[in-house]
Amino acid sequence: MAEPAYRVSGLLRQTVVVSESRSNYTPRPMSNTTTIALGGVALAVVVVIVVAVFQWRPTSDATPTAVRVDGYGLVQDPGVRAVLESDGSMLLGHPDAKKTIEMFEDPLCPACGNLERIYGQEIARNIDTGALAVRYRLVNFLDRQSPSKDYSTRAIAASQCVAETGSGQALSSFHAEVFTGSRPSEGGSDLSNDELAEIARTTGAAESATRCISNGDKVDFARTTAKAQTAALAEALGGAAATPSVFDGETKIDIRDENWVVSVTG
């Protein structure tokens, strides 16, 4: 289904579904909503059905439809490193990067894919120059929306396998592909570990990473760390765990501002 669009400040902007987790993921409407023909059924009844069937919370946010930096590509500097940290986070950048931001994402989250599609090249350019490093803190509360019921967890495990190799270029490429071109739809398709391993191979990850992914070596670790990351995100947001969420230290960045990358690196 095509995502709806609306206009903000004269610019055509795309509605981005922000996935959230809070108390069984009870849905609530946001200010930017899509009009749905209810066919005479009361909205309250529809909400009850959504709660009972899906048990997660879709909300709305706005980002520009245009790619902010087109033609740059992904991380290119071989000096950019990937580090798998003890809490499961993945740090991507130069060791002496001027600024580090934290990005909470779920691999099945459509808005997270849009964030990568729109800002990924701009972020990569700033990572290459040393102006920015990114700590990816991946969560898995959308597992239940995948046919396997654990896709988000397995995609996180795959990302951790790639990060463990230390190659910033490989992690950048794998992250972009998993979150954009190969991202399954919620409640739709799914990817096996072997398919995730093939993505890793084609995006330049080492053979050790592809074996790690195929064998599911980090799935248990990913499940544990993703749960902890979800709890940390909920605490940071005062009870709700919504993706994507980007932080500069303890300050939540307003990703609706199309110049947020410029502001955070300025």
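Predicted model: local features only at pLDDT ≥ 70, side-chain atom pairs only at ≥ 80, totals over all residues.
Author: Residues are numbered from 1 along each chain as its sequence is written, and side-chain values use heavy atoms, with hydrogens and water left out.

Reader: Why are H3 and H6 called roughly antiparallel to each other?

Author: Helices are DSSP runs of H or I with at least four residues, numbered from the N terminus. Helix H3 covers residues 151-163 and helix H6 residues 207-214; they pack at an angle of about 155°, with their axes 8 Å apart. Axes are lines fitted to C-alpha atoms over the stretch in contact, and angles run from 0 to 180 degrees between N-to-C directions. Angles over 145 degrees count as roughly antiparallel, and H3 and H6 are therefore roughly antiparallel.

Reader: Which residues make the contact of H3 with H6, and what is its make-up by class?

Author: Ala-158, Cys-161 and Val-162 of H3 meet Ala-209, Cys-212 and Ile-213 of H6, where contact means heavy atoms within 4.5 Å. Ala, Val, Leu, Ile, Met, Phe, Trp, Tyr, Cys and Pro count as nonpolar, Asp, Glu, Lys and Arg as charged, and the others, Gly among them, as polar. By class, this contact has 6 nonpolar, no polar and no charged residues.

Reader: What makes H3 roughly antiparallel to H4?

Author: H3 and H4 pack at an angle of about 160°, with their axes 9 Å apart. That angle makes H3 roughly antiparallel to H4. Residues in the contact include Tyr-151 and Ser-159 of H3 and Phe-174 of H4. By class, the contact of H3 with H4 has 9 nonpolar, 1 polar and no charged residues.

Reader: What is the volume of the largest cavity, and what makes a set of points a cavity?

Author: On a 1 Å grid over the protein atoms alone, a cavity is a set of points where a 1.4 Å probe fits but cannot get out. The count comes to 2 cavities of 30 Å³ or more, and the largest has a volume of about 70 Å³. A volume is the space filled by probe spheres set on the points.

Technical notes:
Helix = DSSP H or I, 4+ residues; strand = E, 2+ residues; numbered from the N terminus. Parallel < 35°, antiparallel > 145°, perpendicular 65-115°, else oblique. 1 Å grid on protein atoms, 1.4 Å probe; cavity = no way out; pocket = protein on both sides within 12 Å on 5 of 7 lines; lining within 4 Å.
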